[in-house]
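Student: I have a chain on my screen and want to work through its fold. Can we start with the open space and then move to the strands?

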Amino acid sequence: MKSLILAGAVAAALGGVLAAADRNEAAAREVLALERQTLDGWQMGNPDPLLAISDPEITYFHVVTDKRLDGLPALKALFEGYRGRPLFDSYEMAEPKVQASGDTAVLTYTLVRHVGTATTRWNATQVYQRKKEGWRIIHSHWSATKAAEP
């Protein structure tokens, strides 16, 4: 009888672990799809896909800013200067990794941008939080990668 109870407890625990893994995998797929939509927008010079999923209280770091930007109005103001200006001809999301737990997901990747014959790489960290409206970016951090050694 004890072994039957133990087996049931193990099965229940394993089921919970597998369900959590499935939820995390689903979250990863959703977050990656949203991120690709934002990059597709930037490829056309359109920041709206990114603005649409940015939280009103987003925080934002980028080398083009002197300090952290706080809130969606500040982000909109920055992005208006780029509207209509495609940021790249094509791109790749190199080594994307989504670490999800509950209603939070952290996406990290290297953005490989191709503009004409030039290629640049940027490290990206996007922190997503699931809200009633869906996944929203609550924090974004971009930095140029270290130049490759010759």
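Tutor: Start with the largest pocket, which holds about 320 Å³ of space. Keep in mind that this is a predicted model.

Student: Which residues lie nearest the centre of the largest pocket?

Tutor: The lining of this pocket counts 18 residues. Five of these lie nearest the centre: Trp42, Tyr60, His62, Leu87 and Arg113.

Student: Which element gives the most residues to the lining of the largest pocket?

Tutor: Elements that each supply at least two lining residues are α1 (2-43), α3 (72-80), β4 (104-115) and β5 (118-131). The top contributor gives 4 residues, and that element is α1.

Student: How many nonpolar, polar and charged residues are in that lining?

Tutor: Sort the lining of the largest pocket by class. Charged residues number 2 and polar ones 3. The nonpolar count is 13.

Student: Now the whole chain. In what order do its elements run?

Tutor: The chain has 3 helices and 6 strands. Read from the N terminus on, the order is α-α-β-β-α-β-β-β-β.

Student: What is the order of the strands in the sheet?

Tutor: The sheet is open, has 6 strands and shows mixed pairing. Its order is β2-β1-β6-β5-β4-β3.

Student: Which strands are the edge strands?

Tutor: An edge strand here pairs on one side only. That holds for β2 (69-70) and β3.

Student: How many bridges join β3 to β4?

Tutor: Strand β3 covers residues 90-101 and runs antiparallel to β4. The number of bridges between β3 and β4 is 10.

Student: And over how many bridges do β4 and β5 pair?

Tutor: This pairing is also antiparallel. Val106 has Val127 in β5 as its bridge partner, and His114 stands opposite Thr119 in β5. The count for β4 and β5 is 12 bridges.

Student: Which residue takes a positive phi in the hairpin of β4 and β5?

Tutor: Look between the strands, where this hairpin has 2 residues. The hairpin of β3 and β4 also has 2 residues between its strands, and Gly102 has a positive phi near 65° there. In the hairpin of β4 and β5, the phi is near 60° and the residue is Gly116.

Student: What is the phi of Glu95?

Tutor: Glu95 lies in strand β3. Glu95 is not a glycine, yet its phi is positive. The value is about 50°.

Student: Is Glu95 buried or exposed?

Tutor: The cut-off for exposed is over 50% relative accessible area. Glu95 has 74%, so Glu95 counts as exposed.

Student: Is Ser140 buried or exposed?

Tutor: Ser140 is found in strand β6 (residues 134-144). Buried means under 20% relative accessible area. Ser140 has 2% relative accessibility, so Ser140 is buried.

Student: Which residues is Ser140 in contact with, leaving aside neighbours within four places in sequence?

Tutor: Set aside those sequence neighbours of Ser140. The contacts left are Thr59, Tyr60, Phe61, Thr125 and Gln126.

Conventions: Residues numbered from 1 in each chain as written. Predicted model: local features only at pLDDT ≥ 70, side-chain atom pairs only at ≥ 80, totals over all residues. Heavy atoms only, no water. 1 Å grid on protein atoms, 1.4 Å probe; cavity = no way out; pocket = protein on both sides within 12 Å on 5 of 7 lines; lining within 4 Å. Points joined across faces, edges and corners; volume = space filled by probe spheres on them. Nonpolar A, V, L, I, M, F, W, Y, C, P; charged D, E, K, R; others polar. Buried < 20%, exposed > 50% of the residue type's maximum accessible area, 1.4 Å probe, protein only. Contact = heavy atoms within 4.5 Å. Pairing = 2+ DSSP bridges.
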